[in-house]
Amino acid sequence: GMVAGAAAALLVVTGKLVSRWKEVGMAGAAALSRMTLEFKPLLGSVELARQRVKELYEFTARTPFRLAGVVKANKTLETLTRGALSNKAGMELVGDSAAVAGVAFDQTARSVGRLYDGIMSGRPVGEASMRLQEMGLISGKTRNAMEAMQATGVSGIAIWKMVEQELKRNEGAM
């Protein structure tokens with residue numbers, strides 16, 4: 001009788017676990033579908049959106065970050081940098097920087113994206129550069145040089161290359 005009762009209880013628990021795994025799988029599929037739909041307006045097609053979500057899923061598997069934060073960061077980078085930093089190299093640059101700073105991936109992406117956008121559009125970048133300096137990702141010397149270069153009309157591309165070199169010090173941190 002005890003063995004039969006234990007077996008019945010085991011079957012009930014196993015059934016509940018299988019049911020829960022199915023729910024998690026369906027919720028995961030729904031989340032991926034939602035992410036794909038969120039990228040469609042940014043990328044212009046469902047196929048490009050599916051490809052991006054797949055790339056981000058694979059990227060996340062190699063990092064200490066969670067998919068939701070990586071997706072949020074990538075959408076931010078896609079918007080603020082017009083795709084310049086939402087690619088693999090840009091995501092690694094931001095991910096390594098976030099890992100060194102100990103700051104959430106999406107928060108780091110927002111600060112880097114704001115800095116990039118400001119540099120490329122010729123707007124003041126004091127707030128974004130201050131945030132990155134507070135995170136320990138750029139030095140005061142780099143911040144001063146960046147602002148001086150902006151004041152003298154140096155191209156955004158040249159300024160960004162200097163900033164990018166500073167951020168690349170974190171390479172491999174993930």
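Start by selecting R143 and E147 in this predicted model: the two form a salt bridge, with their closest N and O atoms 3.3 Å apart. Both sit in helix α7, four residues apart, about one turn of the helix. An α-helix has 3.6 residues a turn, so residues three or four places apart point the same way. Colour E147 by accessibility and you will find it partly exposed, at 30%.

Next, move to helix α6 and pick R131 and E134, which lie three residues apart. Their side chains meet in a salt bridge at 3.7 Å, N to O. R131 is partly exposed at 33% relative accessibility, while E134 is exposed at 53%.

Now select E78 and R52, whose side chains form a salt bridge of 3.0 Å, N to O. E78 belongs to helix α3 and R52 to helix α2, so this pair ties together parts that are 26 residues apart in sequence. Both E78 and R52 are buried. In total, the structure holds 12 salt bridges.

For the last stop, select residues 105–121, helix α5. Its 17 residues reach 24 Å from the first C-alpha to the last. Of these residues, 12 are buried, among them F105, V112, L115 and Y116. Show the neighbouring helices too: the buried residues of α5 pack against α2, α3, α4, α6, α7 and α8.

Zoom in on D106, within α5. With a relative accessible area of 15%, D106 counts as buried because it falls under 20%. Leaving aside residues up to four places away in sequence, D106 touches G69, K72 and A73. Finish just past the helix at G122, where phi is positive, about 75 degrees.

Methods
Residues are numbered from 1 along each chain as its sequence is written. This is a predicted model: local features need pLDDT of at least 70, side-chain atom pairs count only at pLDDT 80 or more; totals for chains, interfaces and linings use all residues. Side-chain values use heavy atoms; hydrogens and water are left out. Helices (H or I, at least four residues) and strands (E, at least two) are DSSP runs, numbered from the N terminus. The expected span of a helix is 1.5 Å times one less than its number of residues. Buried means under 20% relative accessible area, exposed over 50%, partly exposed in between (1.4 Å probe, protein chains only). Contact means heavy atoms within 4.5 Å. A salt bridge is a side-chain nitrogen of Lys or Arg within 4 Å of a carboxyl oxygen of Asp or Glu.
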